[in-house]
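I opened this model to look up a few things and kept short notes as I went.

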Amino acid sequence: MIKIIVDSTAYIPKDFIEKNDITVVPLKVLYMDKEFVEGLPGTYDEFFASFTQTKIFPKTSQPSPEDFINAYNKVIDEGNEAIVFTISASLSGTNSVANLAKAECKNPEKISVVDSLSTGQNIWGYCMEVIDKAKEGWNREQILEYIASLQVNSQICFVPDSLEYLKKGGRIGKVSAVLGSLLQIKPILTFKQGTLLCAKKVFGAAKVISELISMIPKNVKRLFAIHIANTKHFEQLHQKMIEKFPDTTIYEGELGPVVASHIGPAIGVCYIC
């Protein structure tokens with residue numbers, strides 16, 4: 001049987017994890033001199049209540065090799081094999097740790113480690129696809145090839161409330177952050193195949209939602225409305241997506257402290273084609 005292992009930045013809801021027996025290997029967050037393990041969606045309210053007020057930037061750390069080794073060996077001991085999805089290697093060393101752990105586990109041939117080239121709900125969507133294809137009788141190699149084909153056209157598009165977090169993380173320049181704040185320019189950022197880009201610059205918040213939705217392809221396969229810290233425009237975005245794609249299941253996705261530490265509060269869309 002093919003089992004799924006993810007790191008915590010997949011942000012998969014608890015009920016889906018339990019229903020499909022998914023193993024989550026958590027990253028860690030250091031915030032206000034306290035270190036905690038990143039939990040699942042629905043458990044972040046206390047963190048965000050403080051985070052959005054203090055403007056203190058958390059630090060994050062990847063799992064240890066032992067965390068992954070233990071997860072792998074459990075799968076192997078049960079006579080199963082595993083597909084492992086990690087946050088993009090361009091964002092974190094977690095993928096490297098997962099591969100190092102693979103070499104040290106009981107039977108590396110039973111483990112496939114996949115760089116998601118993304119994070120968040122793209123990984124959740126890939127998990128959905130693995131589950132469906134495994135039920136159809138696909139083997140691990142066939143599923144891995146299929147996931148690789150999906151990655152080409154999968155993307156996260158998001159709009160941060162502020163550019164301060166990206167500036168702090170060195171992902172945009174200080175001048176860009178200041179100009180964005182002064183002129184009320186809202187950048188629509190995309191993360192695709194491991195690369196962060198500014199796809200559009202929109203003047204004023206009113207146009208942001210329509211521009212975000214315009215970036216969703218008509219042939220979308222998996223679609224998510226996503227947010228960090230449940231910003232005030234999220235419900236409006238979600239409703240507009242439902243109106244634009246009435247025949248498509250639109251999942252709500254919450255991103256947690258690890259990704260929030262680099263982006264800050266935000267809304268966005270995530271899709272797989």
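The entries below cover a helix, a residue pair and the cysteines.

I noted first that the model is predicted. I looked up α5, which runs over residues 121-135 and has 15 residues. From first C-alpha to last I read 21 Å, close to the 21 Å expected at 1.5 Å a residue. I then asked how many residues of α5 are buried. The count is 12 of the 15, so the helix is largely enclosed by the rest of the structure. The buried set includes Trp 124, Tyr 126, Met 128 and Ile 131. Glu 129 and Lys 133 are also listed as buried. Just after α5, I found Gly 137 with a positive phi of about 95 degrees.

I located Glu 66 in helix α3, residues 65-77.

I searched for sulfur pairs within 2.5 Å and the count came to 0 disulfides. For Cys 198, the nearest cysteine sulfur is that of Cys 157, 11 Å away. For Cys 273, the nearest cysteine sulfur also belongs to Cys 157, at 10 Å. I checked accessibility for both residues. Cys 198 is at 39% and counts as partly exposed, whereas Cys 273 is buried at 18%.

Conventions: Residues numbered from 1 in each chain as written. Predicted model: local features only at pLDDT ≥ 70, side-chain atom pairs only at ≥ 80, totals over all residues. Heavy atoms only, no water. Helix = DSSP H or I, 4+ residues; strand = E, 2+ residues; numbered from the N terminus. Expected span 1.5 Å × (residues − 1). Buried < 20%, exposed > 50% of the residue type's maximum accessible area, 1.4 Å probe, protein only.
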